[in-house]
Amino acid sequence: YPTYPGGAPINLETENFSIYSLISILTMFFSSSNSGYGFVTRESGGSDIFVPAGKTLGAIDGDFVEVIYHIYENRLGEEKTEGRIRKILEYGRKTVVGTAVEEWVRHGKRRYRSVYLEPDDRNLSSHIALTDAEVDFATGDKILCRLLRSGSTSPEAVVIASFGDTESKEANYEAILAESEIPVDFTAEELDEAKRLSEMPLSTEGRVVRSEVIFTIDGEGAKDLDDAVSLRKLAGGKWRLGVHIADVSEYVREKTALDRAAMARGTSVYFTDKVVPMLPPALSNGSCSLNSGEDKYTLSAIIDLDREGRIEKLSLEPSIINSRVRGVYSEVNKIFDGTAEKAILAKYKPVIPTLEKMRELYEILLKKSHGRGYLDFDAPEAEIVLDESGAPIDIIKRERGIAERMIEQFMLTANEAVASYLSARQIPCVYRIHEAPAPEKMKEFKSFLTGFGLTFKGSTENV
């Protein structure tokens, strides 16, 4: 008789598996569907383990489970897996957001009113019974619920917050933030600390006061401005590119109220027409935003490039800058293509000579990137158009012009320069890499290309 790992005999009638199956036990996270079935993914790779409806033990998306499964071949000779949840080791999610829905249920000759939660997450059951409420709510409201889990039964829920009409923008904003546990409000201590620091005069001690032409270029709807650029053309066709990043560390010091506020959020959160800042507005929209005409603390990467755009030298320095112009991509693109109106030309008059040099360097950097095998994933981006009330009325294709690509090249250059600087000095840093594709994926890609009459010259084994 087959046994579980450890030697205990398996009851085949209980497990409903064939004696000829290969039976294994795995602990892993469960991914559910609103149809009742789900999947468990094996760390070792291979196909996911299918868990039919009725064999999930009430597990929902995100639960850490123990699954017993078998591998078999179907009538077509294809390898399949099927399993059942043997034990829920740890409940994943504690809360869920959705809409309060009312229905009338007939029992015999009588009808009963029933209110249930229809989750926004389509991986969860479409009906979660509401057993209690800690706040007032109405059917049709967007609500936040605490899940009640009791062994093998389907989850139930208690309403702990109501955000109002589920069709309203404000209710959905609040629900997303609440479910993600993103703090929205700042404490009095955090606000006071931000206000006090933002009102302090800037000090030049230990900082370089940069006097060259520096300005920002961002999207029209950018909520905060955290990077600026500068450029000088040197003798012999060489370049000195400056990338200046708002120095938040001047204001957020370790173990302070603002440090705790930033740690609790991790990042600012952006909606189409709303931002939930990581820091109080006195800093996020004030002292740490590189608004034009204002002196600001920055960390500057000054990069010397040769005439082919290759990095020769990097200098990192705390600095103070004063942005000349609040640049906008669409306006800069009009300058580049010669369609700018008089008002735009007047606005950019102090920086137009620098913009012309930047476009020249951009062409050099782009040529170098293509020579190194740079892939330009120019996938179209969607832009949501809102009316005056903030309601979405259209979705249009967002065009990327030379201005966007130019800033992208400058930031890539700065990233490469700083990464090389840190690596050469063996200074630890956080970075991201893309693992080499698996050999079987490369073989599939080779077959795909062959179908189009293309020849694949690379290796399918070691990439």
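Buried residues are those with under 20% relative accessible area, exposed ones have over 50%, and partly exposed ones fall in between (1.4 Å probe, protein chains only). The model on display is predicted: local features need pLDDT of at least 70, side-chain atom pairs count only at pLDDT 80 or more, and totals for chains, interfaces and linings use all residues. Residues are numbered from 1 along each chain as its sequence is written, and side-chain values use heavy atoms, with hydrogens and water left out.

**First stop: helix α2**

Select residues 169-179, which form helix α2. Helices (H or I, at least four residues) and strands (E, at least two) are DSSP runs, numbered from the N terminus. Which residues of α2 are buried? They are Ala171, Tyr173, Ala175 and Leu177. Contact here means heavy atoms within 4.5 Å. Just after α2, Glu181 takes a positive phi of about 55 degrees.

**Second stop: Thr95**

Proceed to Thr95, which is found in strand β6. Leaving aside neighbours within four places in sequence, Thr95 is in contact with Leu144, Cys145, Arg146, Ile160 and Glu179. For a distance, pick Asn123 as well: Thr95 and Asn123 are 28 residues apart in sequence and 14 Å apart in space, C-alpha to C-alpha.

**Third stop: the nonpolar cores**

A nonpolar core is a set of buried Ala, Val, Leu, Ile, Met, Phe, Trp, Tyr and Cys residues joined through side-chain atoms within 4.5 Å. The largest one has 35 residues, and Tyr348, Leu355, Met406 and Phe410 have the most contacts inside it. Two or more residues come from each of β12 (214-218), β13 (227-233), β14 (239-246), β17 (295-305), α6 (329-337), α8 (352-371) and α9 (402-424). Another core, of 13 residues, lies apart from it; Ile60, Val96, Val115 and Leu130 are among its members.

Now centre the view on Phe410. What does Phe410 touch, not counting residues up to four places away in sequence? The list comprises Val229, Leu241, Val243, Met358, Leu361, Tyr362 and Leu365.

Two packed helices are described by the angle between their axes and the distance between the axes. Axes are lines fitted to C-alpha atoms, for helices over the stretch in contact, and angles run from 0 to 180 degrees between N-to-C directions. Select α8 and α9, whose axes come within 9 Å and cross at roughly 65 degrees. α8 is therefore roughly perpendicular to α9; angles under 35 degrees count as roughly parallel, over 145 as roughly antiparallel, 65 to 115 as roughly perpendicular and the rest as oblique. The crossing of α8 and α9 is left-handed, a term used if the near helix is turned anticlockwise from the far one by less than a right angle, whereas clockwise is right-handed.

To see the contact, show Leu355, Met358, Arg359, Leu361, Tyr362, Leu365, Leu366, Lys368 and Ser369 in α8, which meet Ile402, Arg405, Met406, Gln409, Phe410, Thr413 and Glu416 in α9. By class, the contact has nine nonpolar, three polar and four charged residues. Ala, Val, Leu, Ile, Met, Phe, Trp, Tyr, Cys and Pro count as nonpolar, Asp, Glu, Lys and Arg as charged, and the others, Gly among them, as polar.

Tyr329, Val332, Asn333 and Phe336 of α6 make the contact with Ile402, Ala403, Glu404, Met406 and Ile407 of α9. The classes are seven nonpolar, one polar and one charged.

Select α3 (residues 188-198) and α4 (residues 257-265), which pack at about 115 degrees with their axes 9 Å apart. α3 passes α4 in a left-handed crossing. Glu189, Glu190, Glu193, Ala194 and Leu197 in α3 meet Ala257, Leu258, Arg260 and Ala261 in α4.

**Last stop: loop residues**

Finally, select Gln426, in the loop between α9 and α10. Gln426 has a positive phi of about 55 degrees although it is not a glycine, and it counts as exposed because its relative accessibility is 72%. Ala436 lies in the loop between α9 and α10 (439-450) and, at 47% relative accessibility, counts as partly exposed.
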